[in-house]
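Subject: A structure for you to look through

Dear colleague,

I am passing on the structure below, and after it you will find notes on what turned up when I went through it. Please keep the picture open beside the text as you read.

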Amino acid sequence: MDAQAVFDLVAARFGDAVSAFSAGAPKDATFVIAPDRLVDVMTYLRDDPALRFDFLQNVTAVDWPKEQRLQSVYHLFSYTHRHEIGVKVNLPRAQPRVASLASLWKSANWLEREQYDLLGIVYEGHPDLRRLMMPDDWLGHPMRKDYKEATEYRGMPTTRPSPMNLILAYDKAHPTAAKKDGPA
Amino acid sequence: MSELVLATEGGDEMTLNMGPQHPSTHGVIRFIIKTDGEIIREAEPDVGYLHRAIEHIAEKCSYEGFMPYTDRVDYVAAMTANHVWAEAVERLGALPVPPRAHYLRVVSDELSRIASHCIALGAMAMDVGAITPFPYCLREREYVNDLMEELCGARLTYNYHRVGGVGWDLTDIWRDKVLRFCDHFDGVIEEFNRLITYNPIFIKRLARLAAVSTAEAIDFGLVGANLRATGFAYDLRADRPYALYDKILPRISWQTPVGKGEVGEVGDAWDRFWVRVEEWRWSVKIIREALAQIQETPHEFWTPPKKLKPKGEATARVEAARGDMHCYVVGDGGTNAYRARFRTGSFNAIAMVREKSAGLMVADLVALIASLDIVAPEIDR
């Protein structure tokens, strides 16, 4: 089934909850779901015999600070029918909360954990929403566009002086360097 | 055996730490293991020790400039990571790729896959106690590395693919060398099977170990050889062809190798091993066919993009050595990617370890990790 047909089926059932279909090719075919209907639409996409999106390929969060929104993007693929589609949810950047899909696909568990860790989308109802890549006590979400790295983590500086500076300082202190500057 | 388990139920649970610098975890991964004697109650993977924020680096350099970093996504089979990035950007910018480049990508990908499976299979045999196959495999991998060095100047992190093509053309001498290697490698596979694959001790060690069903594998998002070992024939090269695989595979009467449960259950650790051995065979056939077809293509191997400032979003999927690698790239009309995302085979596989490890023996956890062909940097990126 091509992406347009998939969207038509979903739109016929959910009406206003889905919008903004873009056909893509060779780029992605995607559409947008209203955040409060995400689980309903995704359950339909997974379980309807004509659609059967049984493989959640990827979960990506994209930060759009200018529009004040965070986007959660899901890429679905169907092994049964060999078709695929991208699905997006737009969330307010101040309160990025959306329902977790971990109850629908087990692969969502870790994929959502990673996006929570790096971009700070809170997947509500997730069984185990902890940081995945960063340490548990890390502050902030490093892949947000406005993220500023802290100067230290637990007393360890996150930057270091350039090793070149050490060499230059050594050169300056060297006896032969002093001679050069002094009177010949 | 079951009596032994019952006798200590709820009793002597112990929490053990395996890793992060454990030789059998295939890189820097930590497992927090709750055991009851030799039986694992739960093994929780703790990843992130190799997180280098490669996706973030993609936002800081140009589309072409990011190519060397993709090598580090999966440094055991760097070529396929190159490929998925090149393809994603080409889709995003709707860029043309000359046919010769596609063939060169196929040849280099398959050589990379052979080298990667050498590590996977050799290391797996070593992890379960057979030391000999590992140096044999490393010897073969050195031949591939030599070929790669001659093709693109690097032995591990190739940086060979380009947006719009590949970096260098092949020479006739190199082509002959690859064909000679293919002839040699056919014999190696037979030797390897005699040495380890059908070795009775090895079979006893792996048969019926941590069998995964197809439904479970799809739910957890297992891809590549791990998925095919469950008896489910899905290979991107055949079922969703890219880079002229659709011209090559029909000519070699391709059949996707799937796990058959020859020595135990379908989808057990031995099946995962065996599917990779079969993939070696098919890779060799693909290389031969691609090198035959490449002779008829025009010599152009790279169409460098002009003013690459794409807008929109695109995905690419490539059958990497560890399965379906998914790359999602968003462009906002600038010279850099606005957002890049890699979903790799190891990431989904490691997420499964927690569920599959309950009830295994401690020594079998190592066999499970090895049979899933997990590479730590590919999990963390």
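Which residue is the bridge partner of His75(A) in E5(A)? It is Gly86(A), and the notes below place that pair in its surroundings.

A word on conventions comes before that. This is a predicted model, in which local features need pLDDT of at least 70 and side-chain atom pairs count only at pLDDT 80 or more, while totals for chains, interfaces and linings use all residues. Residues are numbered from 1 along each chain as its sequence is written, chains are lettered from A and ligands numbered from 1 in the order in which they are written, and side-chain values use heavy atoms, with hydrogens and water left out.

Chain A holds five helices and nine strands, where helices (H or I, at least four residues) and strands (E, at least two) are DSSP runs numbered from the N terminus. Their order, starting at the N terminus, is α-β-β-α-β-β-β-β-α-β-β-β-α-α. The C-alpha trace of chain A spans about 90 × 35 × 30 Å along its principal axes. Of the 184 residues in chain A, 46% are buried, a word that means under 20% relative accessible area, with exposed meaning over 50% and partly exposed in between (1.4 Å probe, protein chains only).

Strand E4 (residues 69-77) of chain A has eight of its nine residues buried, so it is largely enclosed by the rest of the structure. Strand E3 (residues 55-64) runs antiparallel to E4(A) and is joined to it by nine bridges; two strands pair if DSSP finds at least two bridges between them. Within this pairing, Leu56(A) has Leu76(A) in E4(A) as its bridge partner. Strand E5 (residues 84-92) of chain A is likewise antiparallel to E4(A), with nine bridges between them, and this is where His75(A) meets Gly86(A).

The hairpins deserve a careful look as well. Most residues other than glycine have a negative phi. In the hairpin of E3(A) and E4(A), with four residues between the strands, Gln68(A) takes a positive phi near 55 degrees, and Gln68(A) is partly exposed, with a relative accessible area of 48%. In the hairpin of E4(A) and E5(A), with six residues between the strands, Arg82(A) takes a positive phi near 60 degrees.

With best wishes
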